[in-house]
Amino acid sequence: MSILKVARMGHPVLRARTRVIDKHEIRTEVFQKLVDDMIETMEEYSGVGLAAPQVHEGKRLFVALLDPSGRGEGEPMVFVNPEITPLSDARVDGWEGCLSIPDIRGRVPRAPHVKISALNREGKRFELELRDFPARVVQHEADHLDGVLFFDRMRTFESLTFMEEFSRYKAQPDEEDDE
Ligand code: NI
């Protein structure tokens, strides 16, 4: 496995559309290695999620550390060709960071309850209903597949905060991970 280079805001790959992944491609060694490398890269940089465009791959794939129940420690999960359906009209503000926008946090409105349908790394379809933080993580990562960054979703930029100031003035436990 290898740690991949993470594209930072300004790199065009983060704004480009991504392509749907063919089911047969999922079983290839190259694809499986990409998944392993993305998980290793996410863990190396203490992220809770990482999308393929962030490692210069224009494909509809992301990995995330999730506990679907929202209670325990996250496990690495793989989402290929994900589709998200909000299950609530509400939008709730919460802190987000991004490995492609280092050292910055901001408050972003997201649906607090979503359904996500995707293929796993074996090419099998699965569906999850997620709430709160896990729901936020998958919405952030799925946005990367459409060239959308969390700044684009903010209602105002008033909450934008550098990490040091975040830790000093804003942090709650469990709120220091990047997506
Ligand atoms: Ni991100």
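**Note on packing, salt bridges and aromatic pairs**

1. The buried residues of H2 pack against helix H1 (23-26), strand S1 (49-51), strand S2 (61-66) and S3. Contact here means heavy atoms within 4.5 Å. Helices (H or I, at least four residues) and strands (E, at least two) are DSSP runs, numbered from the N terminus. This is a predicted model: local features need pLDDT of at least 70, side-chain atom pairs count only at pLDDT 80 or more, and totals for chains, interfaces and linings use all residues. Residues are numbered from 1 along each chain as its sequence is written, and side-chain values use heavy atoms, with hydrogens and water left out.

2. Helix H2 covers residues 29-44, 16 residues in total. From first C-alpha to last, H2 reaches 22 Å, close to the 22 Å expected at 1.5 Å a residue. The expected span is 1.5 Å times one less than the number of residues. Buried positions in H2 include Phe31, Leu34, Val35, Met38, Ile39 and Met42. Gln32, Asp37 and Thr41 of H2 are buried too. Buried means under 20% relative accessible area, exposed over 50%, partly exposed in between (1.4 Å probe, protein chains only). After H2 comes Ser46, with a positive phi near 55°.

3. The whole structure holds 14 salt bridges. The criterion is a side-chain nitrogen of Lys or Arg within 4 Å of a carboxyl oxygen of Asp or Glu. One of them joins Arg136 to Glu96, with the closest N and O atoms 2.8 Å apart. Arg136 lies in helix H3 (residues 132-144) and Glu96 in strand S4 (residues 92-98), so this pair ties together parts 40 residues apart in sequence. Arg136 is buried at 8% relative accessibility. Glu96 is buried at 1%.

4. Helix H3 has another such link. Asp143 and Arg110 meet in a salt bridge, 2.8 Å from N to O. Asp143 is in helix H3 and Arg110 in strand S5 (residues 101-110), so the pair ties together parts 33 residues apart in sequence. Asp143 is buried, at 7% relative accessible area. Arg110 is buried as well, at 4%. A network of salt bridges links Glu96, Arg110, Arg136, Asp143 and Arg153.

5. Now a pair within one helix. Arg168 and Glu164 form a salt bridge at 3.1 Å, N to O. They sit 4 residues apart in helix H5 (residues 163-170), separated by about one helical turn. Both Arg168 and Glu164 are exposed.

6. The search of the whole structure finds 5 aromatic pairs. Rings of Phe, Tyr and Trp (its six-membered ring) pair if their centres lie within 6.5 Å; planes under 30 degrees apart count as stacked, over 60 as edge-to-face and the rest as tilted. Phe79 and Phe126 make a tilted pair, 5.5 Å centre to centre with 50° between the planes. The pair links distant parts of the chain: Phe79 in strand S3 (residues 75-86) and Phe126 in strand S7 (residues 125-131), 47 residues apart. Phe79 is buried at 0% relative accessible area. Phe126 is buried at 19%.

7. The ring centres of Phe150 and Phe151 are 5.1 Å apart and the planes stand at 80°, so this pair is edge-to-face. Both Phe150 and Phe151 are buried. Phe62, Phe79 and Phe126 form one aromatic cluster.

8. The charged end of Arg105 sits over the ring of Phe166, 5.7 Å from its centre. The test asks for NZ of Lys or CZ of Arg within 6 Å of the ring centre and within 35 degrees of the ring normal.
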